[in-house]
Amino acid sequence: FLTVGQESRAGLGARGLHGTNDEMTAQMEHLDEVERTALKEELAKAEKGYGNRAFQEQRFEAAVDHFTRCIGLDGSGENTHVYYSNRSAAYCSIQKFKEGLKDALKVVELKDDWAKGYARVGAAHMGMGNFMEAKTAYDKAADLDEGPSIE
């Protein structure tokens, strides 16, 4: 079985791109805009996988770095809200609640009907000791929640 990164690199290698994500990003200059956008989305997906793994291993600073790369690669794509959400959770895990709140607010700006975004806002407010704001955010998340989702 291939890891997310290996799968992504295999697809990129077939397009003539090789090396680290940073090296492949530099090699994209010769591609047209459609190809470049698709490749950036693939690289962001790989970075998300690395970030998720780092988060699971409680390497939260590394997770923040990976999710930051996701945003840099695919900052206006359909998964942007997920990248901000994941980075918010990583920030909150290292007690950087202000940064976590900033990202959580970006999530609800991008996707105001997603319960998880409001849950991230609530978590950041809880960490900052803003209990009334946290309750408001958690109430909004509960109102939007339709049950478990896979993201």
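The following questions and answers set values from a predicted model against the definitions behind each term.

This is a predicted model in which local features need pLDDT of at least 70, side-chain atom pairs count only at pLDDT 80 or more, and totals for chains, interfaces and linings use all residues. Residues are numbered from 1 along each chain as its sequence is written, and side-chain values use heavy atoms, with hydrogens and water left out.

Q: Why is the pair of Phe55 and Phe60 called edge-to-face?
A: A search of the whole structure finds one aromatic pair. The ring centres of Phe55 and Phe60 are 5.0 Å apart and the planes stand at 70°, so the pair is edge-to-face. Rings of Phe, Tyr and Trp (its six-membered ring) pair if their centres lie within 6.5 Å, and planes under 30 degrees apart count as stacked, over 60 as edge-to-face and the rest as tilted.

Q: What makes Phe60 buried?
A: Phe60 has 17% relative accessibility and therefore counts as buried. The term buried means under 20% relative accessible area, exposed means over 50%, and partly exposed lies in between (1.4 Å probe, protein chains only). Phe55, with 29%, is partly exposed.

Q: Why are the side chains of Arg87 and Asp103 said to meet in a salt bridge?
A: Their N to O distance is 2.5 Å, and a salt bridge requires a side-chain nitrogen of Lys or Arg within 4 Å of a carboxyl oxygen of Asp or Glu. The pair links distant parts of the chain, with Arg87 in helix 5 (residues 80-93) and Asp103 in helix 6 (residues 97-110), 16 residues apart. Arg87 is buried at 12%, and Asp103 is buried at 3%. By this rule the count comes to eight salt bridges.

Q: How do you know that Glu33 and Arg36 meet in a salt bridge?
A: The N to O distance between their side chains is 3.3 Å. Both residues lie in helix 3 (residues 33-56), three residues apart, about one turn of the helix; helices are DSSP runs (H or I, at least four residues), numbered from the N terminus. Glu33 is exposed at 51%, whereas Arg36 is partly exposed at 21%.

Q: What makes Lys140 a charge over the ring of Tyr118?
A: Lys140 lies over the face of Tyr118, at 5.7 Å from the ring centre. The rule asks for NZ of Lys or CZ of Arg within 6 Å of the ring centre and within 35 degrees of the ring normal.

Terms used:
Helix = DSSP H or I, 4+ residues; strand = E, 2+ residues; numbered from the N terminus.
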